Structure formats: C-alpha cells, structure tokens
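Have the sequence and the 3D view open as you read.

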Amino acid sequence: MPERKPRKAPRTVKTVFVIEADDNVGTAVGEELIRKGDTVTTAGRVTDVTLKALADIPYGHKIALRPIRKGQPVIKYGLSIGTATANIKAGDHVHIHNVESNRGRGDLTAKGKVKT
Amino acid sequence: MTEFYGYVRPDGSVGIRNHILILSGTVYANKLCAHVANLIWGAIAIEHPLGRTQVKPDLRMTRRFLSGTASNPNVGGVVVVDHFQELGCTAEDIAADIAPTGKPVMTVNIRRSGGLIAATEKATRYAMEIARQLSDQRRQPVPLSSLIFGMNCGTSDTTSGLASNPATGYCSDRIIAEGGRSIMAETTEWMGAEVWLTSKAVSQEVADKIMAGVADMEARALASGEDIRGSQPTGDNILGGLTTIEEKSMGACKKAGSSPIVDYLDIAMPPGKTPGLYVMYGPGHGAESISSIAAAGAQVLVFSTGGGHTVSHPIMPTIKVTGHRESWELMKDTMELDVSGILRGEITIEQGGQMIFDEVLATCNGRLTKSEILKDDNSFAIHRVGISI
C-alpha cells in the first residue's frame with residue numbers, strides 16, 4: 001500500500017460569529033485576527049459553515065458566508081443592514097466598499113432618486 | 001414563580017434598596033443636601049444644576065425627573081430642600097408629587113428656616129427621624145412581577161450587538177415571562193431599526209407612536225443644524241466594522257429581546273400595569289437616559305457596554321455587562337459581568353442572559369454593585385428641552 005501523502009494543513013482555523021440563522025455575513029470577534037487564506041468556521045446560530053478568507057478581516061468586521069449578488073441585501077441580525085454594491089464572494093470582506101445604506105440617503109433624495 | 005426579597009411600600013410598589021433621599025430642589029441647595037447626606041446613615045443626596053430660570057417646559061421636565069426619582073420605590077423616605085421659591089418647582093410642589101406613594105416626605109426652605117445653618121439642622125433632624133422609621137423595615141418575599149427592569153447601552157462596539165445586548169434582551173424576556181415590566185429608551189438608536197421595532201408593537205397605535213418618536217428625535221437633531229445621519233455610523237464605528245446606521249441601530253435594539261412592545265412612554269413617565277416591554281422616548285446620553293428610566297420607577301438597570309463603563313445611578317443599582325474581554329480586564333473595577341464567552345462560542349446567548357438574570361436577582365435581594373460599594377454614584381442627569389433664561 002503506498003504511503004499516503006499527508007494533506008497540507010490549513011494555515012490556521014479561525015472562527016467568526018453568526019447571530020441569526022439566515023445571516024449571510026459573520027463577524028470577526030476572535031482574539032486572533034483573520035488573515036487572507038485562513039480557514040474560517042462559524043460559531044453562534046450557524047455552526048456548519050467552513051470557508052476560506054479571501055482577504056484580511058479586521059476585528060469586528062464582517063465576512064461573507066455565501067455569495068451575495070450586487071443589489072441583494074446584506075443580512076445581519078436576520079435583517080437587511082444594507083445592499084451589496086458589487087458581487088460579493090463567500091469569504092470576501094464585507095464593508096463600506098461593497099455595501100450601501102438604505103437609510104438617511106439625503107444624497108439620493110436631492111438627486112430625485114428616492115430610495116426607500 | 002421566582003421571588004425576591006424587597007421593601008414593600010405603602011402603595012404596593014417594591015424597593016430593592018431603602019435609601020433616604022436628600023433631594024435638592026435647586027442648584028443653590030446642592031451642598032446643603034450633600035452635607036446632610038454625609039451626616040446621616042443610609043442617606044443619598046441628589047444634586048443637579050437646575051431648578052432656576054428655566055423656560056417652563058424645561059422646568060416641568062426638571063420637576064418630572066426630581067419627583068419621579070424620589071417616587072422610585074428604592075427610596076424609603078425623602079427630605080426635599082429648596083432655597084427661596086421657584087414657581088412650579090418648589091420643595092412643596094415636589095413633595096406633593098411624591099405624596100401618593102405614601103412614603104415619608106419632609107420639606108425644608110433655606111430662607112424660611114432662617115438661613116443655611118438653621119436649614120441644615122432642620123434637614124438633618126428630619127432625615128434622622130426618617131432613618132429611624134426606615135430601619136424598622138424588613139425585606140419581604142415578593143414576586144418577580146414587582147420588578148421594573150431598565151436597559152441601556154453605551155460606549156457600544158461590535159461586541160454589544162452580538163453578545164451583551166442580546167443577552168440583556170434574554171434577561172428582559174425572562175422577567176417579562178414572570179409578569180414583570182422592562183423599559184428600553186434611547187430613541188436616537190432606534191433610527192434604522194424602526195421596521196423591526198414596530199413589528200414587535202402590540203398594536204398599530206403603539207407602532208405609530210414609535211415612528212412619531214423617532215421622527216421627533218430626528219427633527220430635534222436636524223434643528224441643531226447638524227444632520228445626525230451624516231455622521232452615523234461614525235468614523236470609529238466604521239473602523240470597528242459597523243458598515244451602516246441600520247447595523248448600528250439593530251445592535252442597540254437587540255436589548256429588546258423577543259417580547260412584544262406593549263406601549264410607548266414619554267421620557268421619565270411610569271409604565272402602565274400591563275407586563276411586557278415598554279419603549280421610552282429619550283436621548284442617547286447615558287446618564288440622562290438611565291435617570292429617565294429611574295424616574296419612571298425602574299428598581300434595577302442593566303447597562304450593556306463594549307468599551308467598558310463607570311455609569312451608575314445614585315438610587316437605581318446599575319449592573320454593567322460587557323462582551324469585550326479586553327474592556328472587562330481594563331474596567332472590571334466598576335463592572336459586574338463578562339459575557340465575552342458568547343463570542344468565543346463557550347457559552348450561548350441564553351447562558352449569558354441567564355448570568356445577567358442571576359446577577360439581577362441577586363442585586364434585587366441586596367447584593368451591592370461595585371459602583372455602589374465604591375460610592376461612585378456619578379450618573380444623575382436631567383434631560384433638557386429648553387434653555388436657561
């Protein structure tokens with residue numbers, strides 16, 4: 001029997017916190033920072049997701065648990081906290097560069113594009 | 001049925017403390033009140049910079065806060081002191097507001113007493129007589145339904161909405177399930193979470209009142225010439241990972257737990273008799289917010305914080321909880337609970353909520369908060385709705 005080559009271990013396994021079952025983002029609140037390439041698992045309401053971080057995720061920031069298409073809601077606390085402004089891949093950093101608020105958009109009302 | 005040992009007042013309300021309050025009616029009676037409180041065992045002074053030359057709505061707000069605080073069941077008896085006469089907010093006016101509670105109330109006017117030294121003597125004698133009466137009172141077993149539970153958050157960060165706020169909400173649900181009432185204030189932090197909040201309202205009427213409250217607070221912010229939403233989330237919040245105002249407000253509103261909202265209250269007004277969650281109009285200012293909740297009659301408050309806190313009300317024990325391990329290590333001198341295990345997956349939100357519930361119950365039975373032990377009662381503040389003139 002040929003000797004089995006040991007599988008390469010992931011760099012590090014880190015955990016993100018998920019507050020509601022239908023959330024599509026998790027929050028990095030572990031004591032070690034998540035680095036690009038780390039294997040990430042989930043704690044909280046969702047415990048069965050494993051993914052690879054596609055970027056560094058600073059403490060308190062969010063990571064996508066599954067793909068979120070441009071125009072789709074970002075769900076945290078089981079509710080929309082904003083809309084994706086770009087296609088987001090599972091493992092991407094989710095923040096102001098790819099999410100916009102739907103509230104208090106005086107800029108849009110000023111342009112006559114009321115967003116509600 | 002859960003019970004705790006409390007002081008039953010003549011009106012049937014239940015205190016978890018038995019303080020003698022030396023209540024200053026006006027800024028010019030503050031130090032007299034502080035001196036008397038230093039002389040008398042079990043006395044606490046309430047001092048503040050108001051009670052004079054306020055526009056009428058603002059003066060009425062001051063009276064509401066002072067009378068409400070003295071009427072709180074944690075206060076066993078009151079000495080109210082004023083210096084001359086402020087129409088609409090005299091020591092007699094405040095005493096008349098407190099009278100329906102049936103607790104002993106005495107008034108002292110500095111001028112009519114013949115000056116500061118004579119008034120100090122009079123207030124000290126009154127306080128001593130009340131202290132003798134209160135020392136005869138014993139704690140009795142009462143149902144948990146006697147409790148009005150206050151909730152507030154402050155110096156929030158990403159851990160607040162994920163750990164300490166939902167755990168506080170779980171504790172609130174437990175208390176409501178036993179027939180108690182909870183109050184959540186801070187209207188500023190409902191902005192962006194109104195749809196979720198109003199979905200919890202028991203009626204369209206309550207939902208409409210919540211929406212009107214948010215619109216009013218927003219209008220006040222706009223009247224200042226600053227758009228509150230232009231800076232929400234703040235730069236700090238964004239650095240900490242909060243992306244939108246919706247996310248920030250949703251975190252704050254997690255204190256509401258899963259109970260329906262039975263009514264909306266104006267600031268510092270007592271809730272009705274129906275058990276359940278009440279939301280109260282008020283600012284995000286921590287000391288004003290918890291003082292409004294104490295003036296509404298809450299006997300105990302849980303303050304959920306990310307960064308750690310010293311906030312503590314003079315007569316309403318203020319239990320401080322964080323979900324941030326580093327904040328706990330830095331600020332545990334004035335904090336009771338660390339629920340950061342929720343974020344490490346070591347405990348569930350329910351288990352964290354149970355820790356808070358157990359701490360609330362122990363505090364109701366007489367366990368002192370760290371801030372009470374350290375006499376760090378720093379957080380009495382009156383909300384202002386007008387100017388000094």
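Which residues in H2(B) are buried? They are B:Leu59, B:Met61, B:Thr62, B:Arg63, B:Arg64, B:Phe65, B:Leu66, B:Ser67, B:Gly68, B:Thr69, B:Ala70 and B:Ser71. A residue is called buried if 20 or more other C-beta atoms, placed from the backbone, lie within 10 Å of its own.

This is a predicted model, where local features need pLDDT of at least 70, side-chain atom pairs count only at pLDDT 80 or more, and totals for chains, interfaces and linings use all residues. Residues are numbered from 1 along each chain as its sequence is written, while chains are lettered from A and ligands numbered from 1 in the order in which they are written.

Helices (H or I, at least four residues) and strands (E, at least two) are DSSP runs, numbered from the N terminus. H2(B) is mostly covered, with 12 of its 16 residues buried. These elements of chain B are among what covers the buried residues of H2(B):

| Element | Residues |
|---|---|
| strand E3(B) | 19-24 |
| strand E4(B) | 43-46 |
| strand E5(B) | 75-82 |
| helix H3(B) | 91-98 |
| helix H11(B) | 286-295 |

Now to where the chains meet: 23 residues of chain A are in contact with 20 residues of chain B, contact being C-beta atoms, placed from the backbone, within 7 Å. On chain A, strands E1 (13-18) and E7 (79-84) each supply at least two residues of the side that touches chain B. The largest share, four residues, comes from E7(A).

E7(A) also belongs to an open, antiparallel sheet of three strands in the order E6-E7-E9 (chain A); strands pair if DSSP finds at least two bridges between them.

Note on methods:
Contact = placed C-beta atoms within 7 Å.
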